[in-house]
Amino acid sequence: MSFWTSLFQRISAKRPRPEGKPALTVRERVSALRNLPEFLRLIWQTSPSLTLGNVALRLVRAGLPVAMLYVGQLILDAVVSLSRLPAAERTLTPVLELLALEFGLAILSDALGRGVALLDSLLGDLFANQTSVRLMQHAAELDLDQFEDSAFYDKLERARRQTLSRTVLMAQVLSQAQDFISMAFLAVGLAAFNPWLLLLLLVAVVPAFLGESHFNERSYSLVHGWTPERRELDYLRQTGASDETAKEVKIFGLSGFLIERFRLLSDQFYQQNKSLVIRRAGWGTFFAAVGAAGYYGAYVYIISQAAAGRISVGQLTFLAGSFARMRGLLEGILSRFSSVAEGALYLQDFFDFFHLQPRIRRPAEGAAVRPFPRPIREGFTFEGVGFKYRNAQKWALRNLSFQLRAGEKLALVGENGAGKTTLVKLLARLYDPTEGRILLDGHDLREYDPAELRQEIGVIFQDFVRFQLPAGQNLAVGRIEEKDNRPRIEQAAQQSLADSVISKLPQGYEQMIGRRFNGGVDLSGGEWQKIALGRAYMRDAQLLILDEPTAALDARAEYEVFQRFKDLTQGKTAVLISHRFSTVRMADRILVIEHGQFVEIGSHPELLARGGRYAELFRLQAAGYQ
Ligand SMILES: Nc1ncnc2c1ncn2[C@@H]1O[C@H](COP(=O)(O)OP(=O)(O)OP(=O)(O)O)[C@@H](O)[C@H]1O
């Protein structure tokens with residue numbers, strides 16, 4: 001067993017491995033480097049001019065160390081030969097000229113260094129902004145069920161978290177190239193004097209590199225393995241202190257529970273990371289000592305050559321300086337190499353995220369995309385539709401067949417968890433059925449462009465989003481292109497009764513809603529619901545879906561909303577989900593589902609006359625009012 005193998009086995013012996021999270025193999029690390037060309041292409045695309053400028057400055061700067069050392073050698077040799085001349089013949093002019101040259105090089109080096117740092121930071125900021133935008137764009141294209149998958153969330157999280165280190169990686173890759181060129185210049189000088197010095201240099205530096213890369217790999221494995229827990233930590237931090245949760249956290253006295261869990265997890269991570277950084281520091285010191293020993297060995301050799309008169313004093317400083325400089329550069333290159341490899345591993349997460357593809361998308365190129373019917377002629381037909389959520393054991397819907405006729409108002413009735421919201425999500429193609437199919441005017445929904453379909457559908461979900469935006473924009477999210485069309489927004493507000501809410505706000509339509517931002521005003525549940533309903537009226541949709549749109553409204557508001565709803569949706573198809581039979585009975589037909597299965601369909605009088613499940617539920621609720 002070689003010395004290094006046994007050394008690394010010892011380093012590895014006590015390391016804590018996160019449960020079930022295997023370390024990455026060397027092959028995985030090396031293969032992660034394949035991500036670099038793509039990464040460099042992205043940097044180039046960010047700004048070709050900044051990238052070019054950066055590379056040009058770095059190229060010039062790469063030549064400076066050897067030039068400065070060489071001028072230093074000339075200065076010393078000139079001074080020594082000057083000191084040997086008779087006093088009358090001594091003139092400082094050549095030395096001063098050389099000094100002026102070195103001064104100029106020093107100024108140039110500093111200016112180039114600052115220029116490079118400036119371009120790095122500008123390019124890094126631009127790159128970070130553009131990748132954040134790309135992340136948001138790509139996330140917006142993905143399917144809803146991908147968001148419900150925790151492995152997906154971990155990927156997204158890692159891709160997001162690494163924004164900063166990607167900009168560091170960019171600077172590192174560029175510095176790497178620059179230092180390689182500097183090294184090549186210096187190596188020529190050193191090798192001309194004695195090639196063995198180059199070998200000594202490698203012996204001094206390579207162990208440190210191996211140690212560095214080993215610990216980088218451990219650190220990546222630890223952080224990678226801890227992604228779900230770190231996500232949980234973020235969640236706990238957010239839940240423990242946010243305006244949305246403060247009310248319940250206080251009432252239920254949850255802060256102790258949340259803090260305890262946070263403390264436990266963060267402590268575990270701290271302990272594992274601590275032992276890693278301590279071992280890293282210890283081994284780092286050892287390898288630095290090996291490096292220093294190599295340097296002093298070379299120094300002794302060079303001095304002995306100077307003492308024997310084989311080289312001049314100027315050459316001595318040039319060689320000693322070159323050796324020290326090369327050691328620094330090589331150490332930099334090697335340790336950066338391992339962090340570049342580590343960065344490339346994180347890039348893998350980043351690219352993995354971008355390789356995720358939505359399944360619900362426009363029909364493939366070449367396949368005919370069916371234009372959305374305007375107006376819808378027959379309606380939607382469910383044919384033996386079944387749906388199972390990702391990772392769920394049971395079916396949310398099964399064997400569901402019925403027709404939603406064009407222009408009809410259909411109410412969905414069923415107990416909690418019966419599958420009503422799921423049905424609506426299938427209509428909007430947030431998911432595709434697991435079995436069976438949904439037809440629109442006789443053709444499978446999958447033949448239409450999902451973006452066009454969603455334009456023609458307006459859905460207000462029971463858990464609608466309370467956007468922290470001004471009142472007008474909060475309504476306009478129903479049709480964001482119209483966010484500046486005040487008359488249209490006001491009309492939608494009147495239709496949904498939100499106008500009475502907005503007129504009471506100090507700044508009317510400009511009033512920021514929600515407490516997150518300065519000057520924001522919060523609304524009651526029913527007031528929020530009126531705003532959300534307004535979004536439905538902002539849309540020019542042919543199919544309107546309201547999922548418990550009035551649950552938080554008072555009795556008078558609910559009555560009014562539905563009186564208007566019938567008029568306002570004249571000629572349009574609508575689906576209503578409600579647990580209130582006073583609302584449900586206004587629908588043309590009512591579909592009753594239970595445990596995801598079809599039970600019955602018909603108008604209110606028909607279903608009452610039939611005396612089935614609907615009649616039973618209706619009487620149950622009516623009895624409560626007597
Ligand atoms: N994202 C999801 N992932 C896994 N299961 C889900 C998801 N959403 C809903 N379910 C399950 O699917 C079933 C149907 O849920 P759905 O939300 O469609 O019911 P619902 O009839 O709208 O209920 P409610 O009246 O309470 O709103 C339930 O058993 C529910 O637990």
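The legends below describe several close-up views of a predicted model.

**View 1. Confidence across the predicted model.** The protein has a mean pLDDT of 85, and 94% of its residues reach 70 or more. Residues 1-21 have a pLDDT below 50, and in the model this stretch makes 16 contacts beyond near neighbours in sequence. Where pLDDT is low, the predicted coordinates should not be read in detail. The scores of the model are ipTM 0.96 and pTM 0.72.

**View 2. The residues around the ligand.** The shell around the ligand is made up of E148, Y389, A392, A396, G414, N416, G417, A418, G419, K420, T421 and T422. Sorted by class, this shell holds four nonpolar, six polar and two charged residues. An unreviewed UniProt entry lists residues 380-620 under "domain: ABC transporter". In the model that span, residues 380-620, is 35% helix and 23% strand, with its end C-alpha atoms 31 Å apart.

**View 3. An open sheet of four strands.** The strands of this sheet follow the order β2-β1-β4-β5, and their pairing is antiparallel. Strands β2 and β5 (443-444) form the edges, each pairing on one side only. Strand β1 (residues 379-387) is joined by six bridges to the antiparallel strand β2 (residues 397-405), and within this pairing T381 stands opposite Q403, while F382 stands opposite F402. Five bridges link β1 to strand β4 (residues 435-440), again in an antiparallel arrangement, and here F380 has L440 as its bridge partner. In general, strands of a sheet pair through backbone hydrogen bonds, either parallel or antiparallel.

**View 4. Strand β6 and its parallel partner β7.** Strand β6 (residues 457-460) is covered on both faces, with I457 and V459 buried on one side and G458 and I460 buried on the other. As a general rule, the side chains of a regular strand alternate between the two faces of the sheet. Four bridges connect β6 to strand β7 (residues 543-547), and the two strands run parallel. In this pairing V459, one of the buried residues of β6, stands opposite I545 in β7.

**View 5. Two spans annotated as transmembrane.** Residues 180-210 and 281-302 are listed by UniProt, in an unreviewed entry, under "transmembrane region". Over residues 180-210 the model is 94% helix and 0% strand, and the C-alpha atoms at the two ends lie 19 Å apart. Residues 281-302 are 100% helix and 0% strand, and for this span the end C-alpha atoms are separated by 32 Å.

**View 6. V249 in helix α11.** V249 is placed in helix α11 (residues 246-251). This residue counts as partly exposed because it has 17 C-beta neighbours inside 10 Å, a count that lies between the limit of 12 or fewer for an exposed residue and that of 20 or more for a buried one. When neighbours within four places in sequence are left aside, V249 is in contact with G240, L254 and S255. S49 and V249 are 200 residues apart in sequence, and their C-alpha atoms are 52 Å apart in space.

View 7. R374 and P375 are joined by a cis peptide bond, for which omega is about 0°. P375 is found in the loop that runs between α13 (313-355) and β1. Most residues other than glycine have a negative phi, and most peptide bonds are trans.

**View 8. Two loop residues with positive phi.** L497, which is not a glycine, has a positive phi of about 70° and is located in the loop between α17 (486-496) and α18 (498-503). With 22 other C-beta atoms within 10 Å, L497 is buried, because the count required for a buried residue is 20 or more. H595, also a residue other than glycine, has a positive phi near 50°, and its place is in the loop between β9 (589-594) and β10 (597-602). H595 counts as partly exposed, since 15 C-beta neighbours lie inside 10 Å of this residue.

How values were computed:
Residues are numbered from 1 along each chain as its sequence is written. This is a predicted model: local features need pLDDT of at least 70, side-chain atom pairs count only at pLDDT 80 or more; totals for chains, interfaces and linings use all residues. A residue is near a molecule or strand if its C-beta atom, placed from the backbone, lies within 6 Å of it. Ala, Val, Leu, Ile, Met, Phe, Trp, Tyr, Cys and Pro count as nonpolar, Asp, Glu, Lys and Arg as charged, and the others, Gly among them, as polar. UniProt positions are given in the numbering used here, feature names are shortened, and annotations may be inferred rather than shown by experiment. pLDDT is the predictor's confidence in each residue, from 0 to 100. Two residues are in contact if their C-beta atoms, placed from the backbone, lie within 7 Å. Two strands pair if DSSP finds at least two bridges between them.
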